[in-house]
Amino acid sequence: MELRTVNTFLHIAELHSFSRAARELGYSQSAVSSQIAQLEAELGTPLFDRVGKTVRLTDAGQTFLGYARTLLETAQQAQAALQPAQQVRGSLRIALADSVCSTFLPGLLQRYPARRPPGGRGPLSRHPASSDEMLQLLSTNQVDLVYTLDQPLLQPALVLAADVPEPVCFIAPLQHPLAQESVLPLDILPRQEFLLTERGMSYRDALDQVLEAHQLSIKPYLELGSAALLCQMVEQGMGLSFLPEYIVRSALAEGRLARLNVPDCTVMMHRQLFYHRDKWVTPQMNVFIELVRQGAQTK
């Protein structure tokens, strides 16, 4: 049993298509069909049902799927152990929440061992998107990983690779009158000028739900998609905002912003990294997952 044939089997199982697998692997479709025929002959059972243009795993194929992943991962681990200095090769597709992208991706890229070859294609592509859009990209195999900031997401089709709780907080310019208050009631907020992220972003929706439960609402005079830009605008005295703590942490530590204490509005989001349960976990995915986990431990 050849590893390249096992690799071809995994690509077909993931893409549900012989032709798409052939294009991705750089083989002819006849070569792919020949490899699978040889594998089925060796195992003594059909691995795929081919009805019309649809390709689905048989029961035997579903059973072999787990073994195939283990075979290929073990071979790659052995190769990595024998060549520890070798760079991670191949592409990695990630969908990220905007604030996660702006805050964490630069540091992750600095530590990611793959490097862009001169004049070549970059090893990593990113797709900023909402949580719903990211999960759709994942379910259609358009990305390998999604990195969200949201309420805890628990779905049978997803494997949770990392989970980091992230508080969200109210911030104000240092000169704002409310910055001097030790505790603020929730009902004082609707009377203030706010700059908020757009509706549909996880922590903005969580804020609206808390306010609605108290029959209150905030009508911001400005809504933007960029949390980092909102932080800068609050520093410039343009109003209050409600942002993930990791976005404003350095500004708070350096005394450029004030954090407001509003006990009736405590919101905790989760920074979560997912992949699809049917996805073959590539070495590139493993490296990125480990980097995210290391960052969570040193937070």
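Student: How is the model to be read?
Tutor: Residues are numbered from 1 along each chain as its sequence is written, and side-chain values use heavy atoms, with hydrogens and water left out. In this predicted model local features need pLDDT of at least 70 and side-chain atom pairs count only at pLDDT 80 or more, while totals for chains, interfaces and linings use all residues.

Student: Why does Phe170 count as buried?
Tutor: Buried means under 20% relative accessible area, exposed over 50% and partly exposed in between (1.4 Å probe, protein chains only). Phe170 has 2% relative accessibility, so the residue counts as buried. Phe242, at 1%, is therefore buried as well.

Student: Why is the pair of Phe9 and Phe48 called tilted?
Tutor: Rings of Phe, Tyr and Trp (its six-membered ring) pair if their centres lie within 6.5 Å; planes under 30 degrees apart count as stacked, over 60 as edge-to-face and the rest as tilted. The centres of Phe9 and Phe48 are 5.4 Å apart and the planes stand at 50 degrees, so this pair is tilted.

Student: What makes Phe170 and Phe242 an aromatic pair that is tilted?
Tutor: Their rings lie 4.6 Å centre to centre, with 45 degrees between the planes. Phe170 belongs to strand E6 and Phe242 to strand E9 (residues 241-244), so the pair ties together parts 72 residues apart in sequence. Strands (E, at least two residues) are DSSP runs, numbered from the N terminus.

Student: Which residues form one aromatic cluster?
Tutor: The cluster consists of Phe9, Phe18, Phe48 and Phe64.

Methods
Helix = DSSP H or I, 4+ residues; strand = E, 2+ residues; numbered from the N terminus.
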